[in-house]
Amino acid sequence: MVSEPKYRRVLLKLSGEALMGPKDFGLDSETVDRITDEIIAVHEMGVQVSLVIGAGNIFRGVSQAAESIERTSADYIGMLATVMNALAVQSMLESKGVETRVQSAIPMATVCEPYIRRRAVRHMERGRLVIFAGGTGNPFFTTDTAAALRAVETGCDGLLKGTQVDGVYSADPKIVADAERYDSLSYQDVISRDLKVMDTSAIALARENDLPILVFSIHTPGAFAQIVNGGGKYTIIQ
Ligand code: UDP
């Protein structure tokens with residue numbers, strides 16, 4: 001008997017940094033190639049997959065590059081940059097035969113679809129992978145919050161956050177050698193201990209809607225598929 005995946009509809013949040021590979025900026029095609037293979041492995045299991053991709057590899061509203069730009073404009077630039085990443089990942093996925101749609105929170109009729117919740121769900125039901133771009137469409141938010149929002153709106157049974165490390169730690173394990181790794185945390189733990197995993201608005205939204213967040217390393221081959229099947233290494237926030 002073939003076992004059923006544990007999760008039927010998931011949203012994968014990737015930071016822009018995840019697409020950068022060894023580079024300092026932008027996209028690394030080898031890395032995008034590898035990550036899209038990981039995504040396709042889950043899609044081929046019959047799991048409905050959607051993506052939210054950040055833009056830290058291109059532009060962040062709060063950064064040195066944005067110093068002289070008024071905050072809301074800087075945030076709009078960041079949101080537009082997420083559309084660039086979405087189109088790049090869409091292109092790579094489609095070249096591998098996966099049907100996809102990009103939906104942007106900021107309507108951009110000649111580039112991609114606008115975000116329409118019911119339409120996004122329909123795409124997923126038809127086996128299309130949906131990439132939500134443009135963040136929430138609002139300044140002062142992040143793509144983490146966009147990921148939690150879209151996951152709740154579209155009825156995902158898990159929000160998976162693919163990061164540079166294999167879970168949530170008490171401090172950055174790349175800097176603090178004896179940082180403690182957690183297998184499981186409550187939403188409240190993350191907020192009260194100020195753990196740098198997702199911003200508070202994303203955690204609060206997940207908590208209010210009982211959306212589990214699973215944090216794992218996007219660089220561990222097969223990790224995304226293992227987790228969707230109920231195994232693998234991750235920190236669960238629930
Ligand atoms: N952004 C925004 N509203 C949103 C999502 C993103 O203003 O709903 C802007 C913000 O300036 C942010 C940038 O887009 O710095 C890139 O997103 P994020 O920092 O979340 O990217 P990541 O860190 O995941 O690569």
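Helix H2 contributes the largest share of the lining of the largest pocket, namely five residues. The model is predicted, so that local features need pLDDT of at least 70 and side-chain atom pairs count only at pLDDT 80 or more, while totals for chains, interfaces and linings use all residues. Residues are numbered from 1 along each chain as its sequence is written, and side-chain values use heavy atoms, with hydrogens and water left out.

A pocket is defined on a 1 Å grid over the protein atoms alone as an open set of points where a 1.4 Å probe fits, with protein on both sides within 12 Å along at least five of seven lines; lining residues have an atom within 4 Å of a point. The largest pocket holds about 1200 Å³ of space, the volume being that filled by probe spheres set on grid points joined across faces, edges and corners. Its lining comprises 48 residues, of which Lys13, Arg60, Asp144, Lys161 and Val197 lie nearest the centre. Among the elements that give two or more residues to this lining are H2, helix H4 (143-153) and strand E6 (158-163). Helices (at least four residues) and strands (at least two) are DSSP runs, numbered from the N terminus. By class, the lining has 18 nonpolar, 18 polar and twelve charged residues.

Around the ligand are 19 residues, the closest being Gly16, Asp75, Thr136, Asn138 and Thr143; a residue is counted if one of its heavy atoms lies within 4 Å. Helix H2 (residues 71-95) supplies three residues, the largest share of this shell. The shell contains five nonpolar, eleven polar and three charged residues.

Polar contacts are pairs of N or O atoms within 3.5 Å. Oxygen atoms of the ligand lie 2.5 Å from a side-chain N or O atom of Asp75, 2.5 Å from one of Thr143 and 2.9 Å from a polar side-chain atom of Lys13. The protein covers 93% of the 530 Å² of accessible area that the ligand has on its own, as computed by the Shrake-Rupley method with a 1.4 Å probe.

Technical notes
A polar contact is a pair of N or O atoms within 3.5 Å; within protein, one must be able to donate a hydrogen and the other to accept it, and residues adjacent in sequence count only if both atoms are side-chain atoms. Ala, Val, Leu, Ile, Met, Phe, Trp, Tyr, Cys and Pro count as nonpolar, Asp, Glu, Lys and Arg as charged, and the others, Gly among them, as polar.
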